[in-house]
There are 2 protein chains.
Amino acid sequence: MEKDNIQAYLLTQFTNVQYISNYKPTSFAFCIIKEEPIIYASSMDMEIAKRDSSIEVKEYEKFDVMISELKKEGIKNLAIEPSLVYSTYEKFKDDFNVSSKTYIEKQRMIKRPDEIKNIEKATEIAQTAFKELDISNRKENEDVLAFDLLRLMIENGASGASFDTILVSGSNTSLPHAIPQAKKLETPILVDWGAKYNGYCSDNTRTIVYTEKEHEIFDIVKESHDKAIKAIKPGLKCCEIDKVARDIIVEYGYGDNFIHSTGHSLGLDIHETPGFSVRDDTVIEKGMVITVEPGIYLEDDFGVRLEDTVAIGSKAQVIGDLPLIL
Amino acid sequence: MEKDNIQAYLLTQFTNVQYISNYKPTSFAFCIIKEEPIIYASSMDMEIAKRDSSIEVKEYEKFDVMISELKKEGIKNLAIEPSLVYSTYEKFKDDFNVSSKTYIEKQRMIKRPDEIKNIEKATEIAQTAFKELDISNRKENEDVLAFDLLRLMIENGASGASFDTILVSGSNTSLPHAIPQAKKLETPILVDWGAKYNGYCSDNTRTIVYTEKEHEIFDIVKESHDKAIKAIKPGLKCCEIDKVARDIIVEYGYGDNFIHSTGHSLGLDIHETPGFSVRDDTVIEKGMVITVEPGIYLEDDFGVRLEDTVAIGSKAQVIGDLPLIL
């Protein structure tokens with residue numbers, strides 16, 4: 001911030017405020033990182049903000065009062081998050097030189113050991129719940145099983161799911177973000193699920209295949225998944241890992257059926273930066289935690305996706321111990 | 001749009017895209033309302049976008065391609081949503097005259113009869129689930145009961161909860177947005193919950209009181225709730241309804257303990273505009289659906305909140321039939 005001649009950095013995204021202060025807003029908050037950092041919290045959050053925050057908390061009263069307090073401190077150049085909504089940006093833009101900065105996204109890219117432990121614990125909970133779920137007999141409906149999986153995660157210590165569980169089957173698997181339906185399981189069965197623990201997310205996908213064609217696609221996705229993970233090391237660019245995963249699928253002639261990027265970072269949010277995608281040239285560093293999740297989707301037929309989350313040290317270490325072949 | 005000399009209106013918020021096109025994005029989409037409206041959808045959404053959208057869908061490839069297509073059509077003045085994130089705004093601002101417009105928020109303020117039906121059905125599901133939940137014996141933990149309530153909503157036909165269920169008790173009720181804990185129910189018991197049905201939200205709060213002090217606070221909140229609902233009619237300003245609710249609580253000496261606004265609109269999102277708040281001078285119109293939810297919060301002691309959702313016709317009609325006194 002000093003180098004950029006920025007006197008204050010405004011954080012409003014709940015997980016950014018949580019990351020910096022340990023207080024997660026429930027309605028809105030203006031967290032201002034400056035010489036003497038401060039959080040303007042809503043009146044309804046004051047009790048938890050005072051309880052949880054490591055940064056001084058003040059009750060938000062009026063926008064103009066906050067602005068004049070900041071101006072009184074001589075703040076001219078104000079940094080904002082790229083995720084700030086336009087209507088809030090608009091309120092600040094006349095009083096300050098506003099510029100969008102990714103300081104906090106960059107800091108959050110590299111996970112501290114305690115953050116990695118939380119992600120490991122979330123993964124352990126999610127995978128234990130998955131093992132306890134009885135899906136192989138295919139007697140239940142998708143939506144009931146998705147719900148059971150959530151219940152099992154909570155019983156194992158999760159505060160909730162890290163995103164809406166995708167537990168789908170048959171032709172529903174050809175949609176990467178499908179919604180579980182009130183229908184009996186068909187084949188293949190695709191489960192993309194995660195737990196939340198202590199604020200941190202986990203993310204895994206398994207596909208259980210039955211027919212010869214399903215096995216054939218599975219083997220390609222597995223090769224892509226395994227080789228991409230093996231290729232990860234600090235110093236390479238994220239897009240190079242996407243290329244490793246994608247090239248294998250292209251080689252087998254399914255390039256057009258791999259319709260998303262290879263992976264995304266996770267932490268307090270389920271989608272963080274950087275990601276293993278065609279356009280992301282971020283250099284991989286130790287401490288990053290990123291998913292590897294190649295998939296092949298055959299429209300109106302079926303899809304296969306395999307996803308693990310890796311913690312990056314001198315190489316990539318898969319978090320959790322759930323086998324790919326079930 | 002014509003009056004403002006706007007040639008195109010960019011929608012990115014998922015529920016705005018859903019409202020306009022019936023397709024709800026799962027990762028990202030650029031929906032552009034213009035002479036010939038179009039949605040640029042992500043490759044992974046193409047299958048559902050083509051299935052659900054009433055607007056022409058095109059696969060999003062590169063940002064520059066999209067921009068040049070828009071420029072080729074002679075689009076100069078581009079409207080954006082107030083909720084657009086800064087990083088996306090930044091990408092459009094050099095090629096177009098960008099201004100923030102609330103056309104769609106304004107349209108969404110007035111619910112169509114089919115939207116009100118969906119909100120009614122969501123409320124019916126949520127209230128049925130609540131009636132089926134056994135909380136009065138106070139034998140279970142808060143978090144288990146919160147989970148049971150979600151399960152019951154789904155069994156009654158909800159696609160999920162419209163927000164994280166607040167089922168809390170004892171001193172935990174003094175936090176408006178408290179999180180259910182792994183602890184046995186104490187008194188009072190406050191439940192703020194809602195179901196999602198066909199994309200639409202419901203929202204209710206009930207507080208079950210036991211002690212004399214709890215009853216005393218309950219009666220004040222109930223008076224505030226009832227009189228505010230009675231006061232609602234088209235032509236008044238939203239802030240006038242907040243004043244009715246607030247004045248009663250102030251009268252009894254608890255003004256400082258009513259630490260949020262009196263209500264918010266709901267629909268596809270759980271929080272929409274307008275709201276019954278001190279600062280909202282929107283004129284109330286027929287077709288609006290808004291919550292009325294006064295509360296009194298005694299720090300470290302307990303809180304009481306009562307919430308109903310009303311559909312506004314010539315006066316306010318409470319949605320659902322769950323009594324306030326349980």
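In this predicted model, the buried residues of helix H1 of chain B pack against strands E1 (8–11), E2 (29–33) and E3 (38–41) and against helix H5 (103–109) of chain B. H1(B) spans residues 14–21. Its buried residues are B:Asn16, B:Val17, B:Tyr19, B:Ile20 and B:Ser21. B:Asn22 follows the helix, with a positive phi near 80 degrees.

A:Asn5 counts as exposed because 9 other C-beta atoms lie within 10 Å. In chain B, B:Asn5 lies in the segment before E1. Its phi is positive, about 60 degrees, although B:Asn5 is not a glycine. B:Asn5 is exposed, with 9 other C-beta atoms within 10 Å.

Helices H8 (residues 212–231) and H9 (residues 238–251) of chain A have axes that come within 8 Å. The axes cross at roughly 155 degrees. The angle is over 145 degrees, which makes H8(A) roughly antiparallel to H9(A). The crossing is right-handed. H8(A) contributes A:Ile220, A:Glu223, A:Ser224, A:Lys227, A:Ala228 and A:Ala231 to the contact. From H9(A) come A:Ile241, A:Val244, A:Ala245, A:Ile248 and A:Ile249. The contact residues divide into 8 nonpolar, 1 polar and 2 charged.

In chain A, a cis bond joins A:Thr273 and A:Pro274, with omega about 0 degrees. In chain B, the bond from B:Thr273 to B:Pro274 is cis, with omega near 0 degrees.

Terms used:
Residues are numbered from 1 along each chain as its sequence is written. Chains are lettered from A and ligands numbered from 1 in the order in which they are written. This is a predicted model: local features need pLDDT of at least 70, side-chain atom pairs count only at pLDDT 80 or more; totals for chains, interfaces and linings use all residues. Axes are lines fitted to C-alpha atoms, for helices over the stretch in contact, and angles run from 0 to 180 degrees between N-to-C directions. Helices (H or I, at least four residues) and strands (E, at least two) are DSSP runs, numbered from the N terminus. Angles under 35 degrees count as roughly parallel, over 145 as roughly antiparallel, 65 to 115 as roughly perpendicular and the rest as oblique. A crossing is left-handed if the near helix is turned anticlockwise from the far one by less than a right angle, and right-handed if clockwise. Two residues are in contact if their C-beta atoms, placed from the backbone, lie within 7 Å. Ala, Val, Leu, Ile, Met, Phe, Trp, Tyr, Cys and Pro count as nonpolar, Asp, Glu, Lys and Arg as charged, and the others, Gly among them, as polar. A residue is buried if 20 or more other C-beta atoms lie within 10 Å of its own, exposed if 12 or fewer, and partly exposed in between; C-beta atoms are placed from the backbone.
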